[in-house]
Amino acid sequence: MPRPEIQAPPDVFYNEAEARKYTTSSRIIEIQARISERALELLALPNDGVPKLLLDIGCGSGLSGETLTEHGHHWIGYDISKSMLDVALERETEGDLLLADMGQGLGLRPGVIDGAISISAVQWLCNADKSSHDPRLRLKAFFGSLYRCLARGARAVLQFYADNVKQSEMIVTYAMRAGFAGGVVIDWPHSSKAKKSYLVLTCGAPSVHTSLPKGKGEDGEMCSDDDDDDSSGEDGDRTVGIYERNRPKKKQKTKKNGKGKDWLLRKKEQMRRKGHDVPADTKYTGRKRKTYF
């Protein structure tokens, strides 16, 4: 069975029937609760007893938001599927719900959010569901707006299912370009079914306090250093991937050799010998024009 993001756009795939089927499945409810708990653990919120304002991006029918509510936090849920949000309203979820496309940006005030989670949603941005969709521009708009709305030092934990290595690299690249520090934490890296990838991002410069946790291994134990060693170079065996947050340098314009005044005079002389009508040489021949008049 192919993944939902391959079959149809999210607002089409999650129609009323699919939204109710998704929300009433005991298996999906259990998986969502487990992943949400892990995302909240990776969020590493301070244990000071003060409720935080969190984002649930791709909240669906509010299954992951219930975990946030159980821990005493306030949350705002984003989703593009109206049917999913209707089910969430029927279930009387505690969070505030917004019908919005995360690929167009979040549109929140700067620095007001204490943390963000996303369960199985970010990979949808890698698909061009409409002729006007450019996955790179949509990822740029999403991560840029997410970075702006988070308080400095806050974290975002985005669990995702990449279709291939290129998709994973593209997601991470645009997160780093937005200014985030962090990387990918992979739980159960040796299991084809239980493997889960979490993009753990910190808003601001990296420090000792923003180091990434290790991914979980077998029997709920943390992966050992031996298991974490990736000597084969395959992404499937990694538990943690750390990426640079520095933005790529712009390519410098290089002047090709032989394109100066001497080259221009030689070319004009060649054209004259061939019998072409060539303008006379003046003191302005070969001069570089100014960028303004």
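Predicted model: local features only at pLDDT ≥ 70, side-chain atom pairs only at ≥ 80, totals over all residues.
Residues are numbered from 1 along each chain as its sequence is written, and side-chain values use heavy atoms, with hydrogens and water left out.

Helix α8 has 13 residues and reaches 18 Å from its first C-alpha to its last, close to the 18 Å expected, where the expected span is 1.5 Å times one less than the number of residues. Just after α8, G179 takes a positive phi of about 120 degrees.

Which residues of α8 are buried? They are Q167, S168, M170, I171, V172, Y174, A175 and M176, buried meaning under 20% relative accessible area with a 1.4 Å probe, protein chains only.

Some of these residues return when we turn to helix α7, residues 135-149, whose axis comes within 9 Å of that of α8 and crosses it at roughly 45 degrees; axes are lines fitted to C-alpha atoms over the stretch in contact, and angles run from 0 to 180 degrees between N-to-C directions. The two helices are therefore oblique to each other, since angles under 35 degrees count as roughly parallel, over 145 as roughly antiparallel, 65 to 115 as roughly perpendicular and the rest as oblique. The contact, meaning heavy atoms within 4.5 Å, is made by P135, R136, L139, K140 and F143 of α7 and by M170, I171, Y174 and A175 of α8.

Now to the second pair, where the axes of helix α4 (residues 26-43) and helix α5 (residues 63-70) come within 8 Å and cross at roughly 50 degrees, which makes α4 oblique to α5. Among the residues making this contact are I28, I29 and L40 of α4 and L63, T67 and L68 of α5.

Finally, helix α3 (residues 16-24) and helix α6 (residues 82-90) pack at an angle of about 50 degrees, with their axes 8 Å apart, and are therefore oblique to each other. Their contact is made by E16, A19, R20, Y22 and T23 of α3 and S83, M84, V87 and E90 of α6.

Key
Helix = DSSP H or I, 4+ residues; strand = E, 2+ residues; numbered from the N terminus. Buried < 20%, exposed > 50% of the residue type's maximum accessible area, 1.4 Å probe, protein only.
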